[in-house]
Amino acid sequence: MAPARTRSPALARDLARLDERLSAKPAAHLKVNGLSIGYSTLRGRFHAVEDVSFEVRAGTNLGLVGESGCGKSTVVKALMGLLPEFTGISGEALLDGQNILGLSDAQLEPIRWNRISLITQSAMNSLDPVYCIGDQICEAILAHEKVGKAVAWARAEEMFALVGLPAERLYEFPHQFSGGMRQRAVIAMALALNAGMLLADEPTTALDPIMQSQIMSRIRGIHEHMRRSMILVTHDIAVVAETCEAVVVMYAGKVAESGPTADVLERPLHPYTMGLQNAFPRLPVRGQPRQPLISIPGTVPNLLLPPSGCRFASRCPFATDLCRTTAPQLHTVGAQSAACHYTERADEFRAAAARPETWRNMRVGA
Amino acid sequence: MRAYILRRLAQSVLVVWAVTTIMFFMFRVMPADPTAILLERGLTDEARQALLEQWGLTGSMWDQYLAYLGNLIQGDFGSSFFYRKPVWEVLWPLIVNTLWIAIPGLLLGAAIGAAIGTAVGWARRGGKLERSGIFLATVIRGVPNFVIGIALLTIFSSTLGWFPGFGMGDPGATTGFARYFTLDFLHHLALPLIAVIIYFMPENLLLMRSGVVENRTEDYIELVRAKGVPQRRVAWHAARNSMLPLITWLFPALAETIAGIVVIEIVFSWPGVGRELVLAVTRQDYPLAQAAFFLLAVMIVLANLAADLVYGKLDPRVVYK
Ligand SMILES: Nc1ncnc2c1ncn2[C@@H]1O[C@H](COP(=O)(O)OP(=O)(O)O)[C@@H](O)[C@H]1O
Ligand code: SF4
Ligand SMILES: [Mg+2]
């Protein structure tokens, strides 16, 4: 649709130059080391994220999974510099070698959206209700590129085409869009400057299942096409299996397990990863019966008073006294690592974890 | 949209009619005899009767009411008992005088209040700017209007002598519209105008501040920040969204504000409609008082209508039905 509109030769030339400049941006490399984040609340300071480390290699996707409240969004916000005032942050996040943690808004201005951009959840309120979508996309482009409004608008039209939205709808306001369209608009906005690193925080959670898979395949398609680096936050391990080269499983603010997706999903070392796998409908494997859904009993512990031993101990079917008193170190097995005292018994645990009664017979909260 | 405006206009006419009717009967049931100012003592009965007829004060109250409405529709407000000339001639220059302090005063008060309110709302929570901004606004809001006026008079007129403290100045050689563009007029205008601004600013400041505080933690503001636009621009998004509740408050608040302007006109002896309205009531000059009330009602109703339309311009989600 967009190219069919008549653009003046000058506009077409400027747009081509902008496109060329943006597509020349390389995919980014991100290395997070020992990231800890403490929120200040009325009831005191607590660590929502503790000693989290991972690496996103240029041009790859990293899945960040875990139940709600495990600190995934907190990690994403820290990377965008969006945590509230008075939040304690330590550790480093090297974006192409430059530490981007603890920078001021002014220092972040040239980095945000230009080098690292964000796909938020499609909640109604992630777009400003009083500006039309086109203006909101142009605002991002104009903040970083010295081009005229017409060129920025033309670029926004291209981004809309990329996510399958007609260019005329750029003139519309967020409330005129359906949830799925809003999500695509947010993706178009995140792609507008072709940032080397994309952060997608549960980009499909608010949508119905059909729309979810449409949006996810759209994201995958764009990834193939543009080869950006991405952190995909989700609590759906099946999505990670289809989309991400590497995965980090977070539990109660800490890394439970991480490694190449194929390894982690095939041979999980951490009982929490095993539990998560049971909780999501696996892609049906030909010739095998569909896995029953088993959810992990209990809830994520209160981080104001974190348990002294392993954080998963109260919900883990394999917990021992050692687990309840001593926090496990990360154990590395091949390219994979997991924070569990008994990684060497993982084969045995996997067999047990696949049986629903293993989880059902637990006494939660012991 | 057009149907909506027509319906709102019809409602407005109804409201103005109701106010007019209430005012008409209220003045007539007041205990004192208003004709006293009209009729000199020692008149013969015939002369008295002739005068009453001339001023439309004969016949039943109902007849008088119908005659009054009939004249009103033709734009005839009758004649002032006190000035003995058509009400319109008395009011017209006073309206202009009032608008001189009211419109710039309210606009500047709203604009300055909104600007400071945005800065205060956007400032670090619990910081100096936030605390002093809220303190200042709360204090000013608590001080009665006439005290602000008298304080301004005492400081800038009596003590420092920078500004005149009374009236609108001597028209001197300049008459008609030209007088409004003399330095002397502007000099006299300054203090009452500042009084209106100070009076109207705090509420705007506080409303804008709480709007910005509420909006600054919204998801869409987070996304604007994430885009890497300058902080001013981010604050603008919060301010732009906070204007919506401000507008809904602003126009209806004009009704109350008119009472404040009446006080300021009296303190500064500013020859405006408000001051004249109070004088007319004490003099029992009903044609004049009724006309002044009629004008106020029309202004308030129009302000409300304007609020609706401005709101629709600012908020794309509004649909007129
Ligand atoms: N602004 C905040 N202030 C205080 N606590 C917060 C704030 N945001 C999140 N939290 C808490 O931090 C923990 C992690 O939250 P979050 O990062 O949103 O988890 P996830 O994205 O994995 O669901 C939760 O316990 C949550 O209640
Ligand atoms: S350390 Fe113990 S409680 Fe924690 S996951 Fe491993 S077995 Fe379970
Ligand atoms: Mg989250």
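Colleague: How do the residues lining the second largest pocket divide into nonpolar, polar and charged?

Modeller: They divide into 27 nonpolar, 2 polar and 1 charged. Ala, Val, Leu, Ile, Met, Phe, Trp, Tyr, Cys and Pro count as nonpolar, Asp, Glu, Lys and Arg as charged, and the others, Gly among them, as polar. This is a predicted model, in which local features need pLDDT of at least 70 and side-chain atom pairs pLDDT 80 or more, while totals for chains, interfaces and linings use all residues. Residues are numbered from 1 along each chain as its sequence is written, chains are lettered from A and ligands numbered from 1 in the order in which they are written, and side-chain values use heavy atoms, without hydrogens and water.

Colleague: What volume does the second largest pocket have?

Modeller: Its volume is about 690 Å³, taken as the space filled by probe spheres set on grid points joined across faces, edges and corners. Of its 30 lining residues, Ala102(B), Ile103(B), Leu106(B), Leu254(B) and Met299(B) are the closest to the centre. A pocket is an open set of points on a 1 Å grid over the protein atoms alone where a 1.4 Å probe fits, with protein on both sides within 12 Å along at least five of seven lines; a cavity is a set that the probe cannot leave, and lining residues have an atom within 4 Å of a point.

Colleague: Which element gives the most to that lining?

Modeller: That is α4(B), with 10 residues. Helices (H or I, at least four residues) and strands (E, at least two) are DSSP runs, numbered from the N terminus.

Colleague: And the largest pocket, how is its lining made up?

Modeller: The lining of the largest pocket holds 17 nonpolar, 10 polar and 11 charged residues. Helix α8(B) contributes the most there, with 5 residues.

Colleague: Turning to ligand 2, where does it sit?

Modeller: Ligand 2 sits in the largest cavity, in that more than half of its atoms lie within 2 Å of the cavity's grid points. Around ligand 2 are 13 residues, the closest being Cys310(A), Cys316(A), Cys323(A), Cys340(A) and His341(A); a residue is near if one of its heavy atoms lies within 4 Å. This shell has 11 nonpolar, 2 polar and no charged residues.

Colleague: What is the strand order in the 8-stranded sheet?

Modeller: The open sheet in chain A runs β6-β7-β8-β3-β9-β10-β12-β11, with mixed pairing; strands pair if DSSP finds at least two bridges between them. Its edge strands are β6 (116-119) and β11 (330-333), each pairing on one side only.

Colleague: How many bridges join β7 to β8 in chain A?

Modeller: There are 5, and the two strands run parallel. Met197(A) stands opposite Ser229(A) of β8(A).
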